[in-house]
Amino acid sequence: MNQSLRWPDARLIEAAQAGDVTSLTTVVVESQPHVRRFALSLCASPQDAEDAAQEALIILYRKIGTLRATGALASWVFRIVRNECLRQVRVLVSRADEASAEPEAGAEPSAEEAVLRRLEAERIAAAIGALPREQRQVLIMRDVQNLPGRAVARSLGLSTPAMKSRLHRARAALRHSLAVPDEVVDPPVAGAGEQ
């Protein structure tokens, strides 16, 4: 296995946790390719992936002392990347919600409405985050970032029809995951309405 593709070993992680700056720097540098590759697989765009990877590496640097088991470094850092990618989606969804919401002139949303909007944005972000990478990318670029279809297709290296097909599948999957089961309607009571 190529030395640059290996995760830091337990001794190095322990030294970093103990406060050795050289070891800590080495842990961050050796983790970087794995973190970036994982971020690219999760985030909607290379820019978002870079932001998520940088945030994860900063958290790794600052909080390595909170890591409980040296063997859990990869899963810990990957969880940070995943959470950062989901946070980015939540921010985009919230912005889109705010832009589309038209409150009455001068009316502030109530605290209850604000909480419900936030919960709905989190539910949508989680559903988007659960989509396969190819679907998530095209959905975020087209529907959340409002990029033109041709630009999305070009950015992803797809033909316009292929991009539209992928977007259709993503929207259908998202609708399915967000669907609320039909409410159960009470059957009519016998004799109701009869006089």
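**Close-up views of a predicted model**

**View 1. Helix H7 and its buried residues.** In helix H7, which spans residues 149–156, Gly149, Val152 and Ala153 are buried. Looking down the axis of H7, these buried residues fall within an arc of 95°, so they line one face of the helix. Arg150 and Arg154 sit on the other side of H7 and are exposed. The cover over the buried residues of H7 includes helix H6 (133–144) and helix H8 (160–178). Just after H7 comes Gly157, with a positive phi of about 70°. As in every view here, what you see is a predicted model.

**View 2. The salt bridge between Asp143 and Arg171.** The side chains of Asp143 and Arg171 meet in a salt bridge, 2.6 Å from N to O. This pair links distant parts of the chain, with Asp143 in helix H6 and Arg171 in helix H8, 28 residues apart. Asp143 is partly exposed, with a relative accessible area of 30%, and Arg171 is partly exposed too, at 33%. A search of the whole structure finds 3 salt bridges, and the next two views show the others.

**View 3. The salt bridge between Arg36 and Glu50.** Here the closest N and O atoms of Arg36 and Glu50 are 2.7 Å apart. Arg36 lies in helix H2 and Glu50 in helix H3 (residues 46–63), so the pair ties together parts that are 14 residues apart in sequence. Arg36 has a relative accessible area of 29% and is partly exposed; Glu50, at 26%, also counts as partly exposed.

View 4. Glu84 forms a salt bridge with Arg87, and their closest N and O atoms are 2.6 Å apart. Both residues belong to helix H4 (residues 73–100), and they are 3 residues apart, about one turn of the helix. An α-helix has 3.6 residues a turn, so residues three or four places apart point the same way. Glu84 is buried, with a relative accessible area of 10%, whereas Arg87 counts as partly exposed at 39%.

View 5. Val115, Leu116 and Leu119 make a nonpolar surface patch of about 250 Å². Val115 belongs to helix H5 (residues 111–129) and counts as partly exposed, at 37% relative accessibility.

**View 6. Thr22 in helix H2.** Thr22 is found in helix H2 (residues 21–42). With a relative accessible area of 59%, Thr22 is exposed. Thr22 and Leu12 are 10 residues apart in sequence, and their C-alpha atoms are 9.4 Å apart in space.

Terms used
Residues are numbered from 1 along each chain as its sequence is written. This is a predicted model: local features need pLDDT of at least 70, side-chain atom pairs count only at pLDDT 80 or more; totals for chains, interfaces and linings use all residues. Side-chain values use heavy atoms; hydrogens and water are left out. Buried means under 20% relative accessible area, exposed over 50%, partly exposed in between (1.4 Å probe, protein chains only). Helices (H or I, at least four residues) and strands (E, at least two) are DSSP runs, numbered from the N terminus. The arc is that of the directions from the helix axis to the C-beta atoms. Contact means heavy atoms within 4.5 Å. Patches are made of residues with over 30% relative accessible area and no salt bridge: like charges are joined within 9 Å, nonpolar side chains (Val, Leu, Ile, Met, Phe, Trp, Tyr) within 5 Å. Accessible areas come from the Shrake-Rupley method with a 1.4 Å probe; for residues, only the protein chains shown count as cover. A salt bridge is a side-chain nitrogen of Lys or Arg within 4 Å of a carboxyl oxygen of Asp or Glu.
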